[in-house]
Amino acid sequence: MAVCVAVIAKENYPLYIRSVPTENELKFHYMVHTSLDVVDEKISAMGKALVDQRELYLGLLYPTEDYKVYGYVTNSKVKFVMVVDSSNPALRDNEIRSMFRKLHNSYTDVMCNPFYNPGDRIQSRAFDSMVTSMMIQVC
Amino acid sequence: MVDAVLFEFLHTEMVAELWAHEADPDPGPGEQKMNLLVLESMGFRVGQALGERLPRETLALREELDVLKFLCKDLWVAVFQKQMDSLRTNHQALLCPQGTYVLQDSSFPLLVRMASGLQYVEEAPKFLAFTCGLLRGTLSTLGIKSLVTASVAALPACRFQVVVQRS
């Protein structure tokens, strides 16, 4: 399960960032911030390659000894970054992809909400509960 | 399809509501502009949301032309159940270093019920303001700052001019 989830806007400021509260949150914020460079690198690398279709899912951005960081970018250049616990061996690629798909769908719902102004912090409770469901540790 | 009709009716009422509150003695061009601006900004917000929802799963929109083609095909089909009739580019590098695209629709669904010919040409811009905003909003979500204007020569054909602002 995810340890930290962040939604970064096109201009590279966070629209939403939430981590498991037991740990030092600042550490996760730094990890997300450094992963933005890797995301930009991947996006520009994909642009140069002569590939017809690019995928939205960017895959593993970089692994550290305790955590792995995954990235996903939408067509509107909004980035989703997820930090997961390395110790959980059962997390496969398709599970990460499905988590990102859920995030993307919830983000689209937030965008379609007329009370939400694009560019504001995301305060939707529905979005919060969806992220909570992804972050709860299953004992 | 029922939902297409619902949108048409809602749109007609939106325009009617805005123009119903005009002060009777000599409204002046300022009021007109205000109403058009309101319609355009409503369209803009809807376009932003659509720009997020419609292009799913593929990141194939790399060039500006791809984005414009997406507008003509997917966006128009989603909102008006038909594709745009023609897309032309009009890059005049000497006059303005920006990209200009002309999108033409020979039977625009919001105008097709009104008249077929030259009648009501002066009223037509009111019914195009929302759609201009829609185009501008979708373009802005997909990363392109632009200015969209519409013109009508004879109902129900209309053309939308998209000027891309490149800084």
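## Confidence

Chain B has an average pLDDT of 82, and 85% of its residues score at least 70. This is a predicted model. Among the elements of chain B, strand E1 (residues 86–89) has the lowest mean pLDDT, at 84. Helix H4 (residues 124–141) of chain B has the highest, at 91. The model as scored reaches ipTM 0.81 and pTM 0.85.

## Layout of chain A

Chain A holds three helices and five strands. Read from the N terminus, its elements follow the pattern β-β-α-β-β-β-α-α. The chain has 139 residues, of which 44% are buried.

Five strands of chain A form an open sheet. Their order is E2-E1-E5-E4-E3, and the pairing is antiparallel. E2 and E3 of chain A are the edge strands, each pairing on one side only. From one strand to the next, the twist averages 15°. In general, strands of a sheet pair through backbone hydrogen bonds, either parallel or antiparallel.

E1(A) and E2(A) run antiparallel and are joined by five bridges. Within this pair, A:Ile8 stands opposite A:Pro14 of E2(A). The loop between E1 and E2 of chain A contains A:Asn12. A:Asn12 is not a glycine, yet its phi is positive, at about 65°. With a relative accessibility of 35%, A:Asn12 counts as partly exposed.

## Helices across the sheet

H2(A) lies across E1, E2, E3, E4 and E5 of chain A. Its direction is at about 140° to E5(A). H3(A) lies across E1 and E2 of chain A, and runs at about 40° to E2(A).

The buried residues of H2(A) are A:Ile96, A:Met99, A:Phe100, A:Leu103, A:His104, A:Ser106, A:Tyr107, A:Thr108, A:Val110 and A:Met111.

## Nonpolar cores

Nonpolar side chains tend to be buried together in soluble globular proteins. Here the largest nonpolar core has 49 residues. Those with the most contacts inside this core are A:Val7, A:Phe100, A:Leu103, A:Tyr107, A:Ile122 and A:Phe127. The elements of chain A that give two or more residues to the core are strands E1 (2–8), E2 (14–19), E3 (57–63), E4 (67–73) and E5 (79–85), together with helices H1 (25–48), H2 (93–112) and H3 (125–135). A second, separate core has 40 residues, including B:Met14, B:Leu135, B:Ile144 and B:Val148.

Which residues does A:Leu103 touch, not counting residues up to four places away in sequence? They are A:Val5, A:Phe80, A:Met82, A:Phe127, A:Met130, A:Val131 and A:Met134. A:Leu103 is itself one of the buried residues of H2(A).

## A buried glycine in chain B

B:Gly47 is part of helix H2 (residues 28–53) of chain B. Is this residue buried or exposed? The relative accessibility of B:Gly47 is 0%, so it counts as buried. Leaving out residues up to four places away in sequence, B:Gly47 touches B:Leu134, B:Gly137, B:Thr138 and B:Thr141. B:Thr12 is 35 residues from B:Gly47 in sequence, and their C-alpha atoms are 18 Å apart.

## Backbone exceptions in chain B

Most residues other than glycine have a negative phi, and most peptide bonds are trans. B:Gln81 is located in the loop between helix H3 (64–80) and E1 of chain B. Its relative accessible area is 43%, so B:Gln81 is partly exposed.

The peptide bond from B:Leu155 to B:Pro156 is cis, and its omega is near -15°. B:Pro156 lies in the loop between strand E3 (146–154) and strand E4 (157–164) of chain B.

Notes. Residues numbered from 1 in each chain as written. Chains lettered and ligands numbered in written order. Predicted model: local features only at pLDDT ≥ 70, side-chain atom pairs only at ≥ 80, totals over all residues. Heavy atoms only, no water. Core = buried A, V, L, I, M, F, W, Y, C linked by side-chain atoms within 4.5 Å. Buried < 20%, exposed > 50% of the residue type's maximum accessible area, 1.4 Å probe, protein only. Helix = DSSP H or I, 4+ residues; strand = E, 2+ residues; numbered from the N terminus. Contact = heavy atoms within 4.5 Å. Pairing = 2+ DSSP bridges. Axes fitted to C-alpha atoms, helices over the stretch in contact; angles between N-to-C directions. pLDDT = per-residue confidence, 0-100.
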